[in-house]
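Thank you all for making time this morning.

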Amino acid sequence: MEPDLEKYIIESTTEIFETMVFMELQPGKRHMGSDIDMDADIASCIGFGGDIRGLIGVHCPLDVATGITGAMLGMEFDEITDDVKDAIGEIANMIAGGVKTGLTGNNKDIQLAVPSTVCGKSLRIGGPARGSSLVIPFTVDGGTFYVEMRYMLS
């Protein structure tokens, strides 16, 4: 299952950045497990349930989050504003939608929740206690952000 999840995350994130953000990005090597250090000032998470339960999170340092938002909205940002929170939340929502589409094509029933966004230092998200964790770093102009999927098969 993990190789397909990685594929869905990379394909979805790449498509979003090509069509909505207009930034080039480079996926990095996937990391399994929750012991990766993700530099993040803002994180947006969306839960899902059904045949697979868990959540997808997008973790960004300040400069990356403001750069992504600026590229999406055609404006400059130098701090986390409501627009930045909304933009990162929408990125998480669209990535989760892409993963859901991939899983649905493999006869998996998935329902998505509403994204939640938090700001701060040393952010971590939780997930199913006995579940798996997949993290993929993506490099854009200005730095690296991370897409994390914590999940458990039902």
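**A walk through the model**

Let me begin inside, where a search of the whole structure finds 1 cavity of 30 Å³ or more. Please keep in mind that this is a predicted model, in which local features need pLDDT of at least 70 and side-chain atom pairs count only at pLDDT 80 or more, while totals for chains, interfaces and linings use all residues. Residues are numbered from 1 along each chain as its sequence is written, and side-chain values use heavy atoms, with hydrogens and water left out.

By a cavity I mean a set of points, on a 1 Å grid over the protein atoms alone, where a 1.4 Å probe fits but cannot get out, and its lining residues have an atom within 4 Å of a point. Grid points are joined across faces, edges and corners, and the volume is the space filled by probe spheres set on the points. The largest cavity has a volume of about 30 Å³, and its lining is made of Phe48, Ile56, Ala96, Val99, Lys100, Leu103, Ile110 and Leu112. Helices (H or I, at least four residues) and strands (E, at least two) are DSSP runs, numbered from the N terminus, and with those names we can say that α3 (82-104) and β5 (110-112) each supply at least two residues of this lining, with the largest share, 4 residues, coming from α3. Sorted by class, the lining has 7 nonpolar, no polar and 1 charged residues, where Ala, Val, Leu, Ile, Met, Phe, Trp, Tyr, Cys and Pro count as nonpolar, Asp, Glu, Lys and Arg as charged, and the others, Gly among them, as polar.

Now to the strands. Two strands pair if DSSP finds at least two bridges between them, and strand β3 (residues 42-50) is joined to β4 by 7 bridges, the two running antiparallel, with a hairpin of 1 residue connecting them. Within this pairing, serine 44 has valine 58 as its bridge partner in β4, and alanine 43 stands opposite histidine 59. Strand β4 is also joined to strand β8 (residues 143-153), by 8 bridges and again in antiparallel fashion, and here histidine 59 has tyrosine 146 as its partner in β8.

How many residues of strand β4 are buried? Buried means under 20% relative accessible area, exposed over 50%, and partly exposed in between, using a 1.4 Å probe and protein chains only; on that scale, 8 of the 9 residues of β4 (residues 52-60) are buried, and 7 of the 9 residues of β3 are buried.

That brings us to the core. A nonpolar core is a set of buried Ala, Val, Leu, Ile, Met, Phe, Trp, Tyr and Cys residues joined through side-chain atoms within 4.5 Å, and the largest one has 37 residues, those with the most contacts inside it being Phe17, Ile56, Val58, Cys60, Ile68, Ile91 and Phe145. At least two residues of this core come from each of α1, β3, β4, α2 (62-73), α3, β7 (132-140) and β8, and α3 gives the most, with 9 residues. In soluble globular proteins, nonpolar side chains tend to be buried together.

Turning to the rings, the structure holds 2 aromatic pairs. The rings of phenylalanine 17 and phenylalanine 145 have their centres 5.3 Å apart and their planes at 15°, so the pair is stacked. This pair links distant parts of the chain, since phenylalanine 17 sits in helix α1 and phenylalanine 145 in strand β8, 128 residues apart. The rule is that rings of Phe, Tyr and Trp (its six-membered ring) pair if their centres lie within 6.5 Å, and planes under 30 degrees apart count as stacked, over 60 as edge-to-face and the rest as tilted. Phenylalanine 138 and phenylalanine 145 form a stacked pair too, at 5.5 Å centre to centre with 20° between the planes, and Phe17, Phe138 and Phe145 form one aromatic cluster.

I will end in the loops, where phenylalanine 22, between α1 (2-21) and β1 (25-27), has a positive phi of about 60° although it is not a glycine, and is exposed, with a relative accessible area of 61%.

Notes:
1 Å grid on protein atoms, 1.4 Å probe; cavity = no way out; pocket = protein on both sides within 12 Å on 5 of 7 lines; lining within 4 Å.
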